[in-house]
Amino acid sequence: MDREAVGYLHSKESFSALDGPGLRFVLFLQGCPLRCLYCHNPDSREFFSGTEVTAGEMLDELLRYRSFLRAGGVTLSGGEPLAQATFCAALLEGLREEGIHTAIDTSGGLPLRLTQKAVDLADLILLDIKDIDPQVCRDLTGVDNRHALETLAHCEETGKSVWIRQVLLPGWTLAPARLGRLADYLKDFGCVEKVELLPFHKHGEFKWAELGMDYQLSAVEPPSEEEVEACRDIFRRRGFSVQ
Ligand code: SF4
């Protein structure tokens, strides 16, 4: 591994049960090229800020928790972790040599030619396609879904495990017809092991205010449990394991 590869960290979380199989050590990497309207970590978007660390230093720190990590693993999240693909690849290579399970939590918003090495070194990709309709995706996030779909196709070709993550935002992605289109599209991908539906929430709204940014979703309420369950059914009916 390239121990000198430099990365920028937003924060760390040591006992997450939400970001991959088992208990995870989650590294939130700084920087994201997307501009999702519902982003609950807008403070993680800026590049080249946060804590500077080398892959070697990060690996050494993680290995202090070796026995804990062997029962779960490490998840790289963000921001958009694959915006720091060289650092991710170096760290993932080191963790692979130690036999530790790894996952990348990504929007897939960057071209595969920039991210492929890191994608190939991870054990699991947690992929948020945002929306199956390219124009809705662009309006919601600033980019369309072509690179996310390219990343998914590459995972299928290489036999990489994928969990799909989908935020349910009323008025936007909580749209049964388009969720049905997404589910139909995903049916052809044997690499997709699971679908996780994440109800929209406003826990990060205060950060937008702190940053002096205009939060456009103040009037949007989180979906009801009945709405979420109806969305789960859309995927269950197509044979997916859904959370
Ligand atoms: S991809 Fe994630 S970090 Fe980036 S803007 Fe969207 S929600 Fe925020």
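How do the residues of the shell around the ligand divide into nonpolar, polar and charged? They divide into four nonpolar, one polar and two charged. In this count Ala, Val, Leu, Ile, Met, Phe, Trp, Tyr, Cys and Pro are nonpolar, Asp, Glu, Lys and Arg are charged, and the others, Gly among them, are polar.

## Basis of the model

The model is predicted, with local features requiring pLDDT of at least 70 and side-chain atom pairs pLDDT 80 or more, while totals for chains, interfaces and linings use all residues. Residues are numbered from 1 along each chain as its sequence is written, and side-chain values use heavy atoms, without hydrogens and water.

## Ligand site

Around the ligand are Cys32, Leu34, Cys36, Cys39, Arg45, Gly79 and Lys130, each with a heavy atom within 4 Å of it.

The largest pocket holds the ligand. A pocket is an open set of points on a 1 Å grid over the protein atoms alone, where a 1.4 Å probe fits, with protein on both sides within 12 Å along at least five of seven lines. A molecule sits in a pocket if more than half of its atoms lie within 2 Å of its grid points.

## Backbone features in loops

Glycine 79 belongs to the loop between β4 (73-78) and α3. A cis peptide bond links glycine 78 to glycine 79, with omega about 20 degrees.

Phenylalanine 48 is in the loop between β2 (24-29) and β3 (51-54). Although phenylalanine 48 is not a glycine, its phi is positive, about 60 degrees. Helices (H or I, at least four residues) and strands (E, at least two) are DSSP runs, numbered from the N terminus.

## Helix packing

Helix α3 (residues 85-97) packs against helix α4 (residues 112-121) at about 20 degrees, with axes 8 Å apart. The two are therefore roughly parallel, a term for angles under 35 degrees. Axes are lines fitted to C-alpha atoms over the stretch in contact, and angles run from 0 to 180 degrees between N-to-C directions.

Helix α1 (residues 55-63) also packs with α3, at about 40 degrees and with axes 9 Å apart.

Conventions
1 Å grid on protein atoms, 1.4 Å probe; cavity = no way out; pocket = protein on both sides within 12 Å on 5 of 7 lines; lining within 4 Å. Parallel < 35°, antiparallel > 145°, perpendicular 65-115°, else oblique.
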